[in-house]
Amino acid sequence: MAMDDTPIDHDTAVAQIGELVDRRRHVAADERLGMALEQFPDSTDLLELAAWNAWLKDELDTALELAARVLQQAPSSYSARYVQAQVFHERDDYGAAEQTLLAMLEDYPESADLYASYAQVMLDSYMIEKAERLAAEALRINPQHEGALNVHTLCGFILKPDAEQKRRLSMLMREHPNQVGTTLRIVQMLIDRGQAREAKAIAAELALSHPEDPGIVNLASQLRVGGHWSMLPLWPMQEW
């Protein structure tokens with residue numbers, strides 16, 4: 001049903017658009033944001049939602065621009081700073097992501113989400129011990145935090161690859177297939193560090209959970225037969 005030109009209430013628009021963003025209904029959210037911002041162009045609430053929606057759509061330049069607009073009006077905005085940190089992270093600008101998250105943790109020292117995000121940045125930076133400590137702190141605050149549990153599991157296997165850690169890794173691969181990109185980077189890191197056995201175990205779990213992906217299956221096969229690291233296929237890492 002088409003929208004009419006009836007003036008809308010600001011708080012009602014924010015609530016409705018927030019629900020659309022949470023449900024990943026990006027097109028509908030953009031339509032409502034466009035109409036609402038015509039009436040309330042300087043609304044930080046609406047601009048925060050616009051930045052968040054752009055980030056979720058992988059429109060990273062737009063997300064940064066919108067977050068910057070918010071921060072001009074509200075320098076302490078949690079939402080805008082969080083979007084900035086996530087965009088920096090996705091662009092592999094780990095230093096900028098870390099600095100943003102550290103500044104946020106000064107304001108929100110009991111945020112499990114921020115500790116988990118910081119842990120993920122450190123994991124992707126191959127700072128495994130630090131990532132594990134940060135994930136443990138997130139789990140102290142919220143023992144059920146999914147992101148922190150994932151990072152803690154990966155770090156635990158790398159640092160102490162015993163039977164219990166292998167069981168947890170297997171569960172992670174089954175329940176959270178979206179961790180493929182991070183896990184492949186960990187495989188590469190283990191190969192570079194000479195931890196071939198650990199790399200082989202993680203690649204084998206990935207192959208079990210993604211049997212349809214020829215790149216992952218080929219990588220696991222090469223590691224299983226003991227191929228030299230320089231001969232391993234790189235394209236699974238590049239794809240993810």
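Tutor: Start with K130: its relative accessibility is 23%, so K130 counts as partly exposed. Keep in mind that this is a predicted model.

Student: What makes E98 buried or exposed?
Tutor: E98 has 17% relative accessibility, and buried means under 20%. E98 therefore counts as buried.

Student: Why are K130 and E98 called a salt bridge?
Tutor: The closest N and O atoms of K130 and E98 are 3.0 Å apart, and the cut-off is within 4 Å. So the pair qualifies as a salt bridge.

Student: What does the pair of K130 and E98 tie together?
Tutor: K130 sits in helix α8 (residues 128-141) and E98 in helix α6 (residues 94-107), so the bridge ties together parts that are 32 residues apart in sequence.

Student: How many salt bridges does the structure hold?
Tutor: There are 8 salt bridges. Among them is E110 with R140, at 3.3 Å from N to O. That pair links distant parts of the chain, with E110 in the loop between α6 and α7 (112-124) and R140 in helix α8, 30 residues apart. R140 has a relative accessible area of 48%, so R140 is partly exposed. D30, K57 and E59 are also linked in a network of salt bridges.

Student: On to the rings. Why are W52 and W55 called edge-to-face?
Tutor: The planes of W52 and W55 make an angle of 85 degrees, and over 60 counts as edge-to-face. The centres are 5.2 Å apart, and rings pair within 6.5 Å, so W52 and W55 are an edge-to-face pair.

Student: Where do W52 and W55 sit in helix α3?
Tutor: They are 3 residues apart in helix α3 (residues 44-56), so about one helical turn separates them. W55, at 12% relative accessibility, counts as buried, whereas W52, at 23%, counts as partly exposed.

Student: What makes W52 and Y82 stacked?
Tutor: Their planes are at 15 degrees and their centres 5.5 Å apart. Planes under 30 degrees apart count as stacked, so W52 and Y82 are a stacked pair. W52 lies in helix α3 and Y82 in helix α5 (residues 78-90), so this pair ties together parts that are 30 residues apart in sequence. Y82 has a relative accessible area of 12%, so Y82 is buried.

Student: Which residues do ring pairs link into a cluster?
Tutor: W52, W55, Y78, Y82 and Y108. The structure holds 5 aromatic pairs.

Notes:
Residues are numbered from 1 along each chain as its sequence is written. This is a predicted model: local features need pLDDT of at least 70, side-chain atom pairs count only at pLDDT 80 or more; totals for chains, interfaces and linings use all residues. Side-chain values use heavy atoms; hydrogens and water are left out. Rings of Phe, Tyr and Trp (its six-membered ring) pair if their centres lie within 6.5 Å; planes under 30 degrees apart count as stacked, over 60 as edge-to-face and the rest as tilted. Helices (H or I, at least four residues) and strands (E, at least two) are DSSP runs, numbered from the N terminus. Buried means under 20% relative accessible area, exposed over 50%, partly exposed in between (1.4 Å probe, protein chains only). A salt bridge is a side-chain nitrogen of Lys or Arg within 4 Å of a carboxyl oxygen of Asp or Glu.
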